[in-house]
Amino acid sequence: MKRLLQLFLAGVFLLSFSAQAARVILPKGSENWSIGSSVQLEWDASGDTVDIQLIRQGEDPVEQEIATGIDNTGHYLWAIPGDLASGAYRIEIVGNKSIESKKFNLVA
């Protein structure tokens, strides 16, 4: 019985760890980043390469490529284009699976 409980707890631990492994580290959420500035994006995800998408929030979400097929180093210095509209956005990292950041704001 004790061994069965140990195996169960080990399985729960491994599942919780693997569920948390793939994540966007930066942006953390609620940041206000200036359009035209450069910011560091960071993530922890599996896969040799990743695509990075910018998703504008709203009734009709708009996706825009930031980078495609880049080496999965876990970070990317993003120069925020000057032609983006102010508003709420999310970052999506697509490797072996897709992960999204929490909402952040781009401001003029």
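Author: Three strands make up an open sheet, with antiparallel pairing and the order 1-3-6. Strands here are DSSP runs of E of at least two residues, numbered from the N terminus, and two of them pair if DSSP finds at least two bridges between them. From one strand to the next, the twist averages 30°; the angles run from 0 to 180 degrees between N-to-C directions, and the axes are lines fitted to C-alpha atoms. Strand 3 (residues 38-44) and strand 6 run antiparallel and are joined by five bridges. Within strand 6, A79 is the bridge partner of S38.

This is a predicted model, in which local features need pLDDT of at least 70 and side-chain atom pairs count only at pLDDT 80 or more, while totals for chains, interfaces and linings use all residues. Residues are numbered from 1 along each chain as its sequence is written, and side-chain values use heavy atoms, with hydrogens and water left out.

Strand 9 has its own pairings. Three bridges connect strand 2 to strand 9, and these two run parallel; N32 has N105 of strand 9 as its bridge partner. Strand 7 (residues 87-94) is also joined to strand 9 by three bridges, but this pair runs antiparallel. Here G87 has L106 of strand 9 as its bridge partner.

In a regular strand the side chains alternate between the two faces of the sheet. Buried denotes under 20% relative accessible area, exposed over 50% and partly exposed in between, with a 1.4 Å probe and protein chains only.

The aromatic rings come next. Two aromatic pairs are found in a search of the whole structure. Rings of Phe, Tyr and Trp (its six-membered ring) pair if their centres lie within 6.5 Å; planes under 30 degrees apart count as stacked, over 60 as edge-to-face and the rest as tilted. W33 and F104 form a tilted pair, at 4.9 Å centre to centre and 45° between the planes. Because W33 belongs to strand 2 (residues 32-34) and F104 to strand 9 (residues 104-107), this pair ties together parts 71 residues apart in sequence. W33 counts as buried at 12% relative accessibility, and F104 is buried at 0%. Ring pairs join W33, Y89 and F104 into a cluster.

How values were computed:
Helices (H or I, at least four residues) and strands (E, at least two) are DSSP runs, numbered from the N terminus.
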